[in-house]
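Have the viewer open as you read.

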Amino acid sequence: MNSLLVAPAIMVGIGLFFGTILAIAQRFLKVDEDPRIEVTNELLPGTNCGACGQPGCLPFAEKLVAGAVDPSQCTVSTAENIEQIAEFLEVDAGSQEKLVSRLRCSGGGLQAHQIAEYQGFEGCRAAAMVSGGGKGCSWGCLGLGDCEVACTFDAIHMNENGLPQVDTGKCRACPDCVAACPRDLFELVPLSQNLFVQCNIPLAGEAATQLCSVACDACGKCVADAAPGLIRMENNLPVIDYSAGGPAAPEAVFRCATRSIVWLEGEQFQNQESRKAGAV
Amino acid sequence: MRAFRRLRRNFEHGVHPAHFKDQTADLPIQRVPFGKDYVMPLGQHIGVPAQAVVAAGERVTRGQLIAEPGGFVSTGLHSPVTGRVREIGDFRGVDGRFAPAIAIEADAFATQQVDARDRIDWEALSLEEFIKAVQMAGIVGMGGAAFPAHVKLSVPDGITIRHLLINGAECEPYLTTDHRLMLERPEALLEGAEIMRQKLGAEETVIGIEANKPDAIEIVQQHIAPGDPVRIVPLKVKYPQGAEKMMIKSVFDVEVPAGQLPRDVGVNVNNVGTIVAIADYFLRGMPLIERVVTVAGPGVTYPANLIVPLGTPVRDVVKFCGGLKPGTREMIMGGPMMGRPIASLDVPILKGCSGVLVFTEAETARRKEYPCISCGRCLEACPYFLNPSRLARLSKARMFDEMKAYNVFDCVECGCCTFACPSNIPIVQLIRTAKDDLAHRKEPDA
């Protein structure tokens, strides 16, 4: 009977001993954490997407409480949530321009010329390593949907023409697609900026247009038609610099023969012939 | 005892692809007639691209320096033909991307004779001068990787090279360039080897030749004078016997640890073609302006071993071989295991291009991919003892960072795993994709 009791007694003794040590440690080694951090973190979306420039939501919450960032820098939260956070922390919500991801290429299956057929693992980066994936243009979209897989918010879907269609309502401007694209084609631009160059070919003239029917041939008409200084040619491509001139107007794109510079209202590729509509 | 030593002349793992070398093994090397257009990409080697020293419109002679090394890991480029520089601009390369290159238009009536040059007194050159000369001559590893040869010669202090190992394995199927070079130019091979051996201060030269080339072993052996510090080691026929670390294991029974180079175990490995190029430069004054290329495969009308001036478009080479047969589906530059498919016939022959292989429908039909059944054949095939099936699964799940823990960067992309896989999983492509992603990913700002 005695020996039966010894074991539990020892266990209880050990438990009490370490419990005491933990209690003392809790009293003297306590780390004071601002309780607001946890509450703020709860209010954040918890996607850890990195759109705010922080490694995740908790570090962003810490910076919020410290006052280093504005609540609106979280582009993923809804306006209500941001209001709540601002109210809770008693700070100004700040205002952030809505950014969306845009593709600097409009050469889908119908526009970009195919010089070879790619067979192999269905992925842009995989195809890019095999002789550039079959499209004649080695700067454009490969159309195999690495960005579609990478997108956290289900905002990117490949359209019938083999181009990624970004849902501007769902896009939170996190950099997932920017990192996933092996051709570095995605750019995060403010939704309010309508002028956009959707081509990435550094060639000029016929060299460019023989690779793709919607390639920029660097004719420079958009530069001439836009407000002085707004558009400049760099590396055979127009570069739009809103700080250098303006205002931007749709007239700049009217004379573009290949529709490589466009005036966007909403989503990209809205008026493009799709494979379904055009080919059949 | 001797039989036992023979058995040890081997490395572990590897695969046994069919050779397919009969097509061209007995065909003597012949010269391709000169064409009109030549494109010399500035980045034909691993490392920094060369820098052009000629301008558009300038006249160049065959063998003239047209680009200088752009750094230490870079080599010179020489004009493959006498003619005029048409343009310096971007041209499509083997990887499908456009890259800076010098386009040369050959003179229709030039003799294309290399000007007679004096033999270079290599014995009088100091080691630094010798290394510089190899760099300016544009000599790179001719086995396929195109790693500048002079970088291998620059041995840091404290390391002594004891053996010069010459790689005559040619373990890739179809290719017969090294085989033909050994048969037709054994003197040049041994002369080049002697230059290299003396400059490296190595004790002996070892020539490793796979046992399926008995004629090459015999002919090279006949040219070795008694007393020369040269020996030939016949190697087991197995892929990738020609990978330098595998060859060192087979010949010397020494393993080169991961992350180290052959020089760390006192060996310098060079391809047969590289050694012949060394002999051609120092004894005949000819820089690297042409190379031997095997044109083979079921889709080519007349397979051949050819001397091709660098920069020749694949189109011209194929045309010389009687063109492509109907039903041609795929062309590969290099060997079938490690070579790269090309998307255009306009890409030029480069310094590292050992073969142009043409395949038809029958060989390239896409095989259905099945799920991994965890059979472990890829693990038994991998000569670097990696876990290819795990790496492939991680790559499919896009868990590229986790792949570093499985030593993805030790993979040399030899393709044994993909060859062995019964489920037709493109393992090596998945690993390549992951390596590319890891190398190019932009790290977010902390």
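## What sits around H9 of chain B

This is a predicted model.

The buried set runs Val272(B), Gly273(B), Thr274(B), Ile275(B), Val276(B), Ala277(B), Ile278(B), Ala279(B), Asp280(B), Tyr281(B) and Phe282(B).

## Helix length check

H9(B) covers residues 272-284, and at 1.5 Å a residue its 13 residues should span 18 Å; the end C-alpha atoms are 17 Å apart, so the two agree. After the helix comes Gly285(B), with a positive phi near 70°.

## Where chain B meets chain A

The two chains touch through 21 residues of chain B and 17 residues of chain A. On the chain B side, strand E16 (340-341) and helix H16 (427-440) are the elements giving two or more residues, and H16(B) supplies the largest share, 6 residues. Sorted by class, that side of chain B has 10 charged, 7 nonpolar and 4 polar residues.

## The domains of chain A

Chain A is assigned domain 1 (35-89) and domain 2 (99-279). Their centres, taken over C-alpha atoms, are 32 Å apart. The contact uses 6 residues from domain 1 of chain A and 7 from domain 2 of chain A. On the domain 1 side, the classes are 3 nonpolar, 3 polar and no charged residues.

Notes. Residues numbered from 1 in each chain as written. Chains lettered and ligands numbered in written order. Predicted model: local features only at pLDDT ≥ 70, side-chain atom pairs only at ≥ 80, totals over all residues. Domains from an automatic or database assignment. Nonpolar A, V, L, I, M, F, W, Y, C, P; charged D, E, K, R; others polar. Helix = DSSP H or I, 4+ residues; strand = E, 2+ residues; numbered from the N terminus. Expected span 1.5 Å × (residues − 1). Buried ≥ 20, exposed ≤ 12 C-beta atoms within 10 Å, placed from the backbone.
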